[in-house]
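User: I'd like to learn how to read salt bridges and strand order in a model like this one. Could you walk me through it?

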Amino acid sequence: MKAIFLDFGTYYPDGLDVSALEGSIADFAFYDYTAPKDVAARIQDAEIVLTNKVVISRDLIEGAPNLKLIIEGATGYNNIDVVAARDNDIPVCNVKGCSTPCVTQHVFMLILALRSHIVSYHADVKRGRWEQSRDFCFLDYPIHELAGQTLGIYGYGDIGERVEAVARAFGMDVLIADRKGAENLREGRVAFDEVIEDADIHTLHCPLTPETQDMIGAAELSRMKKSALVINTARGGIVNESALANAVKNGDVAGAGVDVLSREPPRDGNPLLEVDSPNLIVTPHVAWASREACQRLFDQLVEVIEGYKSGTLMNVVN
């Protein structure tokens with residue numbers, strides 16, 4: 001049995017215990033990075049392929065005669081052609097719940113920073129504004145409490161549920177959006193269009209699929225409250241980035257916090273990176289990456305591999 005990890009270096013694993021993962025397969029090759037041109041050769045003889053963000057296409061799947069299992073070393077698996085894997089009887093497994101605490105933390109870090117204008121206040125203090133203030137403080141930017149505000153959650157898995165719990169601890173009301181265009185609402189869900197119009201803060205936690213691509217576009221942004229925030233820690237393509245950039249610049253929404261872009265890294269630029277506003281915070285896809293989360297992820301990868309070896313697959317997504 002041969003296994004290969006195509007982009008192990010994306011986790012920056014120094015200082016974490018990966019001994020159980022390394023010892024789970026006798027013939028286990030770890031690559032920090034694999035360029036697209038090298039993927040086919042590296043997986044040619046592998047029975048198990050692990051990837052974080054390296055794309056596994058139909059051609060690659062069908063060109064690897066020994067391939068029996070693909071493991072996505074993350075929750076989102078849009079970099080894998082799961083249909084092609086299913087067509088070739090190759091299960092795709094992912095990891096679940098590892099980053100729930102740190103993504104939730106990141107969501108509220110963005111919300112709190114935007115609602116309290118932390119970026120602007122910090123910048124002004126560094127520029128000497130406080131020393132020049134007539135009073136003991138200066139209140140150049142409005143500060144708003146979360147208590148009493150309504151949070152709209154799109155995507156109600158582990159992270160969505162945890163975000164709801166924290167929101168309620170802040171005294172917020174919560175609306176769980178049903179799928180866009182859904183005619184028969186599930187219990188506890190609210191119509192998508194109603195959440196778009198009624199929520200004060202919108203946070204995205206759904207996977208990127210053909211159905212969720214550009215789920216939030218110019219039309220949806222135009223119907224949000226002008227005081228609303230948009231938070232995206234899911235996948236970049238769920239929000240139309242040009243539309244969001246324009247909405248922030250034009251004041252159609254009060255602000256946005258984004259941890260993901262449609263192309264990462266954004267070597268050719270991105271509309272959101274062109275917005276010069278403290279009301280838009282962009283972080284480099286790090287919401288998932290606490291040290292504790294990475295350790296849980298490595299430990300769960302071992303469980304997935306051991307399950308495969310014993311004939312009991314876990315976390316199958318296709």
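User: How exposed is Glu 197?

Analyst: This is a predicted model, and in it Glu 197 has a relative accessible area of 41%.

User: Which side chain does Glu 197 meet in a salt bridge?

Analyst: The idea is to look for a side-chain nitrogen of Lys or Arg within 4 Å of a carboxyl oxygen of Asp or Glu. Here the partner is Arg 223, at 3.5 Å from N to O. The pair links distant parts of the chain, 26 residues apart: Glu 197 sits in helix α8 and Arg 223 in helix α9. Arg 223 is partly exposed too, at 29%.

User: What is the accessibility of each partner in the bridge between Arg 186 and Asp 178?

Analyst: Their closest N and O atoms are 2.8 Å apart. Arg 186 is partly exposed at 33%, while Asp 178 is buried at 5%. For another case, take Asp 268 and Arg 263, bridged at 2.7 Å; both of these residues are exposed.

User: How many salt bridges are there in the whole structure?

Analyst: The search finds 15.

User: Now the sheet: what is the order of its strands?

Analyst: The order is β2-β1-β3-β4-β5, an open sheet with parallel pairing. The edge strands, β2 and β5, each pair on one side only. Strand β1 is joined to β2 by 4 bridges, and Ile 4 stands opposite Ala 29 in β2.

Key
Residues are numbered from 1 along each chain as its sequence is written. This is a predicted model: local features need pLDDT of at least 70, side-chain atom pairs count only at pLDDT 80 or more; totals for chains, interfaces and linings use all residues. Side-chain values use heavy atoms; hydrogens and water are left out. Two strands pair if DSSP finds at least two bridges between them. Helices (H or I, at least four residues) and strands (E, at least two) are DSSP runs, numbered from the N terminus. Buried means under 20% relative accessible area, exposed over 50%, partly exposed in between (1.4 Å probe, protein chains only).
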